[in-house]
Amino acid sequence: MRQGLRVLGVAIRAEKAVFAVAVLSSGLYGVMTVASAWALGWATQNLVLPSFAKGRAETGTLVAAALLILGVSLLKALGVAGRRYFAGVMQYRMQARSRRDVTRQYLRLPLAWHHRHPTGQLLSNASADAEAAWAPLAPLPMAVGVIVMLVTAAVAMVVTDPVLALVGFLIFPAIAVLNFVYQRRLSPLATRAQQLRAEVSEIAHESFDGALVVKTLGREDEETDRFRARAGELRDANIAVGRVRGLFDPMLEALPTLGVLAVLLVGAVRLEGGAITPGVLIQVAYLFTLLSFPIRALGWVLAELPRAVVGYERVRTVLTATGSMEYGTATLPGPAPAGLEVRGLDYAYGDSRILHGVGFKVGAGRTTALVGPTGSGKSTLTQTFVRLVDPDAGAVLVDGVDLREIARGGVSEAVALVPQQTFLFDDTVRGNVTLGLPVGDEDVWAALRLAQADGFVSALPGGLDTKVGERGTTLSGGQRQRLALARALVRRPRLLVLDDATSSVDPQVEAKILQGLRDASQASTVVVVAYRMATIALADEVVYLEHGRVVDRGPHEELLARCEGYRNLVTAYEREEAEREALGAEEEEEVSA
């Protein structure tokens with residue numbers, strides 16, 4: 001209960017004005033609801049009973065009663081409209097704020113933090129958890145406002161007849177006990193249901209994201225069974241929550257009704273003894289029926305609190321995460337190519353050590369190729385160059401400045417990474433290249449020319465305005481890679497890191513790209529993860545890695561002569577590529593024959 005009230009307090013402090021208007025509207029509704037009981041009692045005592053006695057109704061009294069009831073009803077309707085409207089505004093504002101805050105936090109947190117959290121869980125934090133956290137805000141202003149009605153009705157009952165009021169008030173201890181038991185039963189069930197929502201979302205995301213693998217390997221039935229099993233658990237958890245709520249709501253509804261029956265029973269005895277008038281009995285009985293509504297309204301808030309606490313805590317876990325990445329105040333000024341130095345770098349994923357004391361330098365304006373077998377740590381190393389992850393030991397320096405000492409955003413202004421897996425947004429070519437950067441079309445075309453992408457972009461139906469589809473599905477793999485390269489180049493990075501970013505590009509086009517990067521008017525220092533010998537040969541220096549360690553480094557020809565592992569690796573790639581080309585040529589000859 002305390003946790004739930006703290007969650008509600010966060011929302012109230014964030015939306016003070018909206019909450020105040022909603023509560024005032026609800027208070028107006030509560031007062032007018034009690035006033036309707038008084039109006040009904042007044043009409044009964046001054047209009048209905050005298051009319052039975054005289055056989056006719058007084059016109060003045062009839063008009064006065066009608067105007068009284070009508071006025072109370074109009075004010076009551078105004079309170080309902082204001083309460084519902086501003087309660088909705090408060091709830092949806094808080095949900096939108098939470099979603100924005102969570103999304104911004106995702107973008108701020110380092111890649112190492114994302115490695116530890118499944119995508120489905122992150123989607124659930126931004127959607128279902130944010131929604132659940134603020135679900136009680138819809139009934140909250142009503143519940144707070146009807147407390148006015150509850151107090152007013154209780155005072156009116158005591159003033160009207162203390163004995164009947166005391167009889168009715170006996171239900172309140174029973175309601176308190178019922179709410180306590182309900183909270184204890186529902187809280188763990190709501191926690192389990194909210195966790196399962198995240199797990200169902202995670203499985204669905206994996207299935208959708210891996211649709212190509214699922215379909216090509218015929219895993220549809222297995223994925224369906226996996227989703228069905230977890231969805232079944234979520235169904236059972238929700239049914240368990242619904243079962244508890246289904247038991248609680250009728251009992252909460254029944255208690256005020258039992259109180260009304262008790263009031264009528266005692267009131268009939270007192271009426272027969274002449275202690276009260278019929279108008280008093282009707283007024284007290286009606287007032288007590290009004291108490292059931294504020295009790296239900298409070299129950300609605302209490303019913304949502306366990307789920308709200310769970311959702312808020314899951315959102316708060318994201319918002320308070322730091323990812324252990326701190327920033328300094330240093331900057332990297334100047335447009336000239338930047339020098340890169342790696343000092344004694346160690347990095348591990350959990351208990352698996354990937355990099356071991358890696359160290360080398362890349363001179364400003366030079367091109368260095370990182371070469372090594374699969375699993376040697378090349379991609380992990382490139383991620384440290386742009387500070388997607390921080391090393392466990394050692395340091396990465398750009399122009400002699402440790403990346404950890406650079407201010408937030410400073411690394412991305414000077415260093416650009418084009419990763420192995422190209423991602424394009426469902427946007428135009430221009431939008432995918434600029435990503436909101438305020439550059440003109442001339443600069444966009446210059447970047448496309450340098451990436452050898454201007455030719456196919458010019459041939460597209462809309463040129464720069466052509467939409468490429470989700471993940472760039474309308475383009476080939478090589479075209480997507482060239483757009484991703486242009487995206488990095490348009491930012492004119494001082495250090496450009498290519499993590500096998502041209503693997504789907506023809507070797508001749510790849511050679512033109514690398515040569516263009518060397519000859520560009522504003523050249524960058526280039527570090528490229530490469531496999532093809534033609535690409536490696538264009539580099540000024542090669543750093544050869546095995547098992548997360550630098551085995552050798554130097555010019556390509558020297559490494560070929562002295563490093564057996566390097567020679568076997570690059571010649572193996574060359575042989576494989578030559579075999580593929582020969583096989584393709586044979587197939588073409590057979591087709592032409």
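This report covers a helix pair, a sheet and the nonpolar cores of a predicted model.

## Basis

The model is predicted: local features need pLDDT of at least 70, side-chain atom pairs count only at pLDDT 80 or more, and totals for chains, interfaces and linings use all residues. Residues are numbered from 1 along each chain as its sequence is written, and side-chain values use heavy atoms, with hydrogens and water left out.

## Helices H1 and H3

Helices (H or I, at least four residues) and strands (E, at least two) are DSSP runs numbered from the N terminus. The axes of H1 (residues 2-14) and H3 (residues 59-108) come within 11 Å and cross at roughly 100°. Axes are lines fitted to C-alpha atoms, for helices over the stretch in contact, and angles run from 0 to 180 degrees between N-to-C directions.

Contact (heavy atoms within 4.5 Å) is made by Ala11, Ile12 and Ala14 of H1 and Met90, Met94 and Arg97 of H3.

## The sheet

Four strands form an open sheet in the order S2-S1-S4-S5, with antiparallel pairing; strands pair if DSSP finds at least two bridges between them. S2 (352-362) and S5 (401-402) are at the edges, each with a single partner strand, so one side of each lacks a neighbour in the sheet.

S4 (residues 393-398) and S5 pair over two bridges. Val401 in S5 is the bridge partner of Val398.

## Nonpolar cores

A nonpolar core is a set of buried Ala, Val, Leu, Ile, Met, Phe, Trp, Tyr and Cys residues joined through side-chain atoms within 4.5 Å; buried means under 20% relative accessible area, exposed over 50%, partly exposed in between (1.4 Å probe, protein chains only). The largest has 46 residues, and helix H17 (residues 477-489) gives the most to this core, with six.
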